[in-house]
Amino acid sequence: MTSIPQPRKSPRQQRSQQTVDAILQATARVLAEHGYAGTNTNRIAETAGVSIGSLYQYFPNKNALIAALHDRHDQQMLALIDQVLDGNPAATLRERVAAIVAASLRAHLLEPALHRVLEREFPLFDPPRDHSRADQGDHSRADQDIHRRMRHLLELHRAEIAQPDRELATYVVLRIMESMVHAAALEPPAGFSAGQLEQAVVDAVMGYLGMAPARATARPARARKTAR
């Protein structure tokens with residue numbers, strides 16, 4: 001497993017933060033236009049309008065820059081989930097899942113070329129998650145927070161799902177969303193609207209979570225009675 005490259009330092013002042021933001025925006029643009037092989041720190045610095053020395057103050061190489069883009073994406077997803085959790089307290093699980101899926105699709109469609117490069121050419125820093133481990137040093141803090149938020153969401157709606165292991169269910173739900181949202185945004189099948197694709201993702205998640213246990217156990221009882 002490849003360790004996630006870390007920035008050399010974090011910006012402490014507004015001007016420094018603006019420089020880092022410009023560098024990351026330039027990284028996204030260069031990646032989208034030239035792919036991973038055609039991306040280098042000199043081209044990124046030129047696109048950002050900063051010196052190569054300024055870039056190296058914060059990022060040791062292009063891999064660290066791309067890892068930072070992954071973390072930026074995780075932060076965006078975390079904010080989306082927080083908005084859903086802080087929204088209508090009377091919302092059902094399906095309504096909340098639908099809101100997360102819709103917002104996630106919109107976020108991916110803002111920079112489809114960039115996400116296409118990150119997913120196809122550079123999945124290096126998106127390793128399989130093992131959330132049962134106490135030591136999760138291979139995962140970004142945002143990635144861990146996303147898992148905790150989704151775990152909390154499933155716990156809030158535990159009466160609406162049939163999966164008894166909500167830790168495992170959290171992992172599966174996040175992977176379903178991630179893979180299907182990426183596919184719908186980056187490789188959408190012809191002949192289907194964005195709304196249809198969005199509904200398909202929601203149906204897949206809810207289909208996995210299943211119905212409440214009380215309803216799920218009613219069918220076998222009726223089937224046995226009919227069999228006699």
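Which backbone nitrogen does a side-chain oxygen of Asn-40 reach at the start of H2? The answer is that of Asn-42, with the oxygen coming to within 3.2 Å. The model you are looking at is predicted, so local features need pLDDT of at least 70 and side-chain atom pairs count only at pLDDT 80 or more, while totals for chains, interfaces and linings use all residues. Residues are numbered from 1 along each chain as its sequence is written, and side-chain values use heavy atoms, with hydrogens and water left out.

**Helix H2**

Let's begin with H2, which covers residues 41–48. Helices here are DSSP runs (H or I, at least four residues), numbered from the N terminus. Thr-41, Ile-44, Ala-45 and Ala-48 of this helix are buried, where buried means under 20% relative accessible area, exposed over 50%, and partly exposed in between (1.4 Å probe, protein chains only). Looking down the axis of H2, these buried residues fall within an arc of 95°, so they line one face of the helix; the arc is that of the directions from the helix axis to the C-beta atoms.

The buried residues of H2 pack against helix H1 (14–34), helix H3 (52–58) and helix H4 (62–85), with contact meaning heavy atoms within 4.5 Å. On the other side of H2, Asn-42 and Glu-46 are exposed. After the helix comes Gly-49, which has a positive phi, near 75°.

Now to the charged side chains. The whole structure holds nine salt bridges, each being a side-chain nitrogen of Lys or Arg within 4 Å of a carboxyl oxygen of Asp or Glu. Arg-151, Glu-155, Arg-158, Arg-166 and Glu-167 are linked in a network of such bridges, including these pairs:

| Salt bridge | N to O distance |
|---|---|
| Glu-167 and Arg-151 | 3.2 Å |
| Arg-158 and Glu-155 | 3.5 Å |
| Arg-166 and Glu-155 | 2.8 Å |

As for accessibility, Glu-167 is partly exposed at 29%, as is Arg-151 at 25%. Arg-158 is partly exposed at 45%, and Glu-155 at 25%.

**Asp-145**

Helix H7 (residues 141–156) also holds Asp-145, which is buried at 15% relative accessible area.

Notes:
Helix = DSSP H or I, 4+ residues; strand = E, 2+ residues; numbered from the N terminus. Polar contact = N/O pair within 3.5 Å; in protein donor to acceptor, adjacent residues only side chain to side chain.
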